[in-house]
Amino acid sequence: MTPQHAPSDQSQRTLPLVEDVAVRVRGVTKDFGAGGSLTKALRGVDLDVPYGEMLILAGPSGCGKTTLVSIVAGTLEPTAGEALVLGKDLGSMSNSQKVQFRRDNVGFVFQSYNLLPALTAAENAAVPLLIAGWRRRQAVEVASDVLDRLGLGDRLARLPSELSGGQQQRVAIARAIVHKPRLLVCDEPTSALDAQNGRITMELIAQIAVQPDRAVIVVTHDSRVYSFADRIATMEDGRIEAVEVGLHRGSVQKDRQCS
Amino acid sequence: MLWIAWKMLTGNRVKYLGIVFGVMFAALLIAQQSSIFCGIMSLTVGQIRDVEGPDIWVMDRNVEFIDDIKPLADTDLFRVKSVPGVEWAVRFYKGTSRARMEKGDFHQMILLGIDDATLIGAPQGLFMGELSELRKPDAVVMDDAGYKMIWPGEPYQLGRVFEMNDRRALLVGLTKASRTFQSFPIIYTRYSQAVLYAPLERKVLSFVLAQPQAGLAAESVCQRITQQTGLQALTREQFMRKTIYHFLAKTGVPVNFGITVLLGFIVGTAIAGQTFYLFTVENIRQFGALKAMGTSNWTILLMVLSQALQVGVVGYGLGVGLAAFFGWSTRGLTKLAFFMPWQVLALTAIAVVLIVLLASLLSIRRVLVVDPAIVFRG
C-alpha cells in the first residue's frame, strides 16, 4: 500500500516511495568511546519498517534498542551504515535539516513522558505545533481535540502533576501525534505504568497512532505489549537476532482505517 | 516558544524567586550605594549650587575644591573687575568659625560672607526674616538644619544672640540651604562682618564672584580673567565638577563605594547564576525533549536568553524600587545623603544586563550541548 501524504501545510514532505517502507536501515553500526573503552552498541543492523505497521524492538537492557531508534529518529549519528527514513537519507542531512525533519515528520513518546511541568495537558500536547510555528491558541485548540479523542477532554487544564501516570502518558501520545507525523517512536511507553494502564496505552497507540501512512516503532522490554505488534524484532548484543510476525497483525489490518 | 520558556521559568516558583532575588539584591545594592555616593558628592558642591547669580568663581590658582581656601589679596577684586567682559565682581568669604552659644556650648560653623552692598551670594531659601535685615549690625542668617542641630526640638526663634570670635552675632533670619559635606551649621553675614568673625589673617578674601557681560560666554570670560590676572577662574559648573573630581580622585570615598558595588555585583551574579544553572539542569531533559521534537539550538538559545531577560527586568524593577523606597523613607529620619539621578538607573540597568548574561552563560552552554538522545536514556 502506497503511503498517503500528510496535508501540505507541513514542510519537509517526503517523495513517494517505490516500496512501502518508512524506515530502511542497512549495515548500521554505532561505536561509543575509543581504544580500551570502545563499546560497540550496534553491530551491522539491517531493518525495514513498512508504513502502517507497529514494529516492536525488543531485547534485554543494553542490547542496542535505544541506540538504533535514536539513529532512526535522527537524534544520533551512526558510525557506519545507512538509514533511510521516510525516503530521506539521514546521513546526508545537516544538523539543521535533521532538526527540521524531526519537527515535521517524527513524533515521540518518551519513557518518562517528559511533559513540561508548568504547562497544562492541552499546552503540553500542543508543543510540536508550537515548535512548528503555530499560534498558541490554534495549537492548543487542535491539541485539545486530540486529547478529547484520547479520553482526556475533561483534563485539558490540568497540570501534569495533577494527572495519573496513565493520563500523563496519554498526553504524551497526544503530543506525539498532534502534528500528524509519519514516524512515531515510542521508547518504553509502558515501563512507568501498571499493567492496566500499560495495556490501555498500547491500545491507544495501536488504535490511534498506527495509520496507513505512518510507521510506529516501539522500544520495549515489556513482553506484555508484544501482542499489540505487527512484527517483533528481537535484539541481542547490538544485532537483530530475529524478526517475528506479531499476534496482532492478522486481526488488526482489517480494522485499521485511513486517516 | 518564548512563552514556553517563561512558563518553564515561572512554573518552578522557588527557583524563579531565587534567581529574581539574586538579581534584585544586586540591583538594590548597586542602586542604593551609587545613590548614596551621588548624594555625598552632591553635598560637596552644595555651597556652590546655593550661590545663585554669579556664573564665575575666581580663586587662587591652586584651589582644588570649594573647601580648599587659599586667600586672595583684596586688590584681586579690582583686578577681576578690570578684565574686559566682566559685568560686575564682588567679594565672597568662606571659612569656619567657632561659635559660643547662649548656654556656653560651642559649635563649629561654616561662615559665608556676602557682598555688603549688593548682598550677592545671599541664600535664596529664606523662610523667616528678611534679607535686608542683614544690613543691621551683627546680623546673621542661619540655615535650617544648623538651627535644629544647635537648638534641637526648640521652635524657630529670631533674635537669638551668640558669639563668634568674641563678637556678637544676632540671628535675623533662617534659610533652607544645601547640606554640606561637613554637616556644620551655615552662617550667612555681610563680608565686612564675616572678616570680624574670622580669625585674624593678613589676607581674608576667599573668592571673587563675577558675572560676564550679556552675550559673552562665561568660559571665554574665565579665560580672559586667568590670562590677565593669573588667578584661576571657573564657571559655576566647572567649579562643581572640579570639586567632585577632587573627592573622586583624592579621597577613599569612591573606592569604598566601588568595593560595595562590586561585591553586590559579584554576589548577585553568583546567586542568580547558581540558581539559574540549577533550574536549567533540573529541566535538562525537557530541553532535550524539545530538541528531539525539532527545536533548533537557536530557538533554545533565545528561550534561555528570554528567561534571563525576564528575571533581569523583574529583579531590576524590584531592586531599584526598593532602593528608591529606602531613600524616600530615610530622608526625614537620618542625615543620609541620597540622590538617585538617571545615571544611577542606567548604571544599574547595565549591571543587571551583565549579571543575567553571565548568570545564563553556563546554562546556555549546558542546553546547547545537551544531546537530544538523552531523552531516550532512562
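## Burial and make-up of chain A

Of the 259 residues in chain A, 51% are buried, a residue being called buried if 20 or more other C-beta atoms lie within 10 Å of its own, exposed if 12 or fewer, and partly exposed in between, with C-beta atoms placed from the backbone. The structure is a predicted model, in which local features need pLDDT of at least 70 and side-chain atom pairs count only at pLDDT 80 or more, while totals for chains, interfaces and linings use all residues. Residues are numbered from 1 along each chain as its sequence is written, and chains are lettered from A and ligands numbered from 1 in the order in which they are written.

Chain A has eight helices and ten strands; helices (H or I, at least four residues) and strands (E, at least two) are DSSP runs, numbered from the N terminus. Among the contacts in chain A with a separation of 6 or more, 70% join residues 24 or more positions apart, where two residues are in contact if their C-beta atoms, placed from the backbone, lie within 7 Å.

Leu129(A) belongs to helix α4 (residues 127–131) of chain A, and it is buried because 20 other C-beta atoms lie within 10 Å. Apart from neighbours within four places in sequence, Leu129(A) is in contact with Trp134(A), Ala139(A), Val142(A), Ala143(A), Val178(A) and His179(A).

Arg137(A) sits in helix α5 (residues 136–149) of chain A and is exposed, since it has 8 other C-beta atoms within 10 Å. From C-alpha to C-alpha, Arg137(A) is 9.5 Å from Ala126(A), and the two are eleven residues apart in sequence.

The axes of α5(A) and helix α6 (residues 165–177) of chain A come within 9 Å and cross at roughly 130 degrees, axes being lines fitted to C-alpha atoms, for helices over the stretch in contact, and angles running from 0 to 180 degrees between N-to-C directions. The angle makes α5(A) oblique to α6(A), given that angles under 35 degrees count as roughly parallel, over 145 as roughly antiparallel, 65 to 115 as roughly perpendicular and the rest as oblique. Ala143(A), Val146(A) and Leu147(A) in α5(A) meet Val171(A), Ala174(A) and Ile177(A) in α6(A). By class, this contact has six nonpolar, no polar and no charged residues; Ala, Val, Leu, Ile, Met, Phe, Trp, Tyr, Cys and Pro count as nonpolar, Asp, Glu, Lys and Arg as charged, and the others, Gly among them, as polar.

## Positive phi angles in chain A

Most residues other than glycine have a negative phi. Tyr113(A), however, has a positive phi near 65 degrees; this residue is in the loop between β6 and α3 (121–125) of chain A, and it counts as buried because it has 22 C-beta neighbours inside 10 Å.

Glu188(A) also has a positive value, with phi near 45 degrees, and is found in the loop between β7 (183–187) and α7 (195–209) of chain A. With 21 other C-beta atoms within 10 Å, Glu188(A) is buried.

## Where chain B touches chain A

In the interface, 21 residues of chain B are in contact with 24 residues of chain A. On the chain B side, α1 (2–11) and α10 (284–292) each supply at least two residues, and the largest share, six residues, comes from α1(B). The residues of this side divide into eleven nonpolar, seven polar and three charged.

Seven of the nine residues of α10(B) are buried, so this helix is largely enclosed by the rest of the structure. The buried residues, which include Phe287(B) and Leu290(B), pack against α2 (95–105) and β6 (106–109) of chain A together with α1, α11 (297–330) and α12 (342–369) of chain B. Just after α10(B), Gly294(B) takes a positive phi of about 110 degrees.

## Domains and a helix pair in chain B

The domain assignment of chain B gives domain 1 (2–43 + 252–376) and domain 2 (73–230), with bounds that come from an automatic or database domain assignment. The C-alpha centres of these two domains lie 49 Å apart.

Helix α2 (residues 13–44) of chain B packs with α11(B) at an angle of about 40 degrees, their axes being 7 Å apart, which makes α2(B) oblique to α11(B). Residues making the contact include Ile19(B) and Val23(B) of α2(B) and Val311(B) and Phe326(B) of α11(B), and the residues of the contact divide into 16 nonpolar, six polar and no charged.
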